[in-house]
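Have the model open while you read.

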Amino acid sequence: MNNIRTLAVFCGSSNGKNPIYEMTARQLGEAMSKKCLGLVYGGGNRGLMGSVAQSLYQRGGNVIGVLPEALNRPDVRMHQVEDTLIIASSMHERKQTMYDLADAFVALPGGIGTFEEILEVYTWLQLGYHHKPVALLNVAGFYDQLLAFLQHSVDEGFLKQDHLHALIVEQDVESLLARLVTWNADLSDKLRQ
């Protein structure tokens, strides 16, 4: 069993076209509140990022935003939805701070920033730099094509099957949160054949 107290959530700074994305972001914040889970997020309170943070913050949950100095602007931080805001000097420092503060990592729908963040922590897991759960909340099949591509990478010999299976993929919030607690990080060595 994993002792999960704080989730790093990566997701879009936009809401996307499908209303289910924002609805699910709010559901995640609500479910985190019920389970007394804190949030570490990118610090901007726009889009899905803001929806998760605001949903948890309104329910009295602990929200930590980590924002790079270059994005500490009024159009990014329109209102307060965090208990603590950490201003980092760079995107690298921002990500390292988020990774250090989190017990698990979850991606909701988003763009290239979301993909980069979740794939980086997934890479770190594969290399043994951490032993924390990494998960995709596959809302409305948003990540289906990425998952097909990752399976293609397995089929072509670039990714190990057990490493792909280590990535938690769920379509609903409650199932995802339950899997984070029971997840096991017993992975083969990436560099051994």
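1. Helix H4 gives the most to the lining of the largest cavity, with 3 residues. Keep in mind that this is a predicted model. Two other elements, strand E6 (134-137) and helix H5 (144-155), also give two or more residues to that lining.

2. As for the cavity itself, a search of the whole structure turns up 1 of 30 Å³ or more, and the space in the largest cavity comes to about 30 Å³.

3. What kind of residues line the largest cavity: nonpolar, polar or charged? The lining has 8 nonpolar residues, no polar and no charged ones. By name, they are Ile118, Leu119, Tyr122, Val134, Leu136, Leu146, Leu150 and Leu167.

4. On to the rings: the whole structure has 9 aromatic pairs. One of them is stacked, phenylalanine 10 with phenylalanine 105, at 6.3 Å centre to centre and 5° between the planes. Phenylalanine 10 sits in strand E1 (residues 6-10) and phenylalanine 105 in strand E5 (residues 104-107), so this pair ties together parts 95 residues apart in sequence. Both phenylalanine 10 and phenylalanine 105 are buried.

5. Phenylalanine 142 and tyrosine 143 make an edge-to-face pair, with 4.9 Å between centres and 85° between the planes. Are the two partners buried or partly exposed? Phenylalanine 142 is partly exposed, at 29% relative accessible area, whereas tyrosine 143 is buried, at 1% relative accessibility.

Methods
Residues are numbered from 1 along each chain as its sequence is written. This is a predicted model: local features need pLDDT of at least 70, side-chain atom pairs count only at pLDDT 80 or more; totals for chains, interfaces and linings use all residues. Side-chain values use heavy atoms; hydrogens and water are left out. Rings of Phe, Tyr and Trp (its six-membered ring) pair if their centres lie within 6.5 Å; planes under 30 degrees apart count as stacked, over 60 as edge-to-face and the rest as tilted. Helices (H or I, at least four residues) and strands (E, at least two) are DSSP runs, numbered from the N terminus. Buried means under 20% relative accessible area, exposed over 50%, partly exposed in between (1.4 Å probe, protein chains only). On a 1 Å grid over the protein atoms alone, a cavity is a set of points where a 1.4 Å probe fits but cannot get out, and a pocket is an open set with protein on both sides within 12 Å along at least five of seven lines; lining residues have an atom within 4 Å of a point. Grid points are joined across faces, edges and corners, and a volume is the space filled by probe spheres set on the points. Ala, Val, Leu, Ile, Met, Phe, Trp, Tyr, Cys and Pro count as nonpolar, Asp, Glu, Lys and Arg as charged, and the others, Gly among them, as polar.
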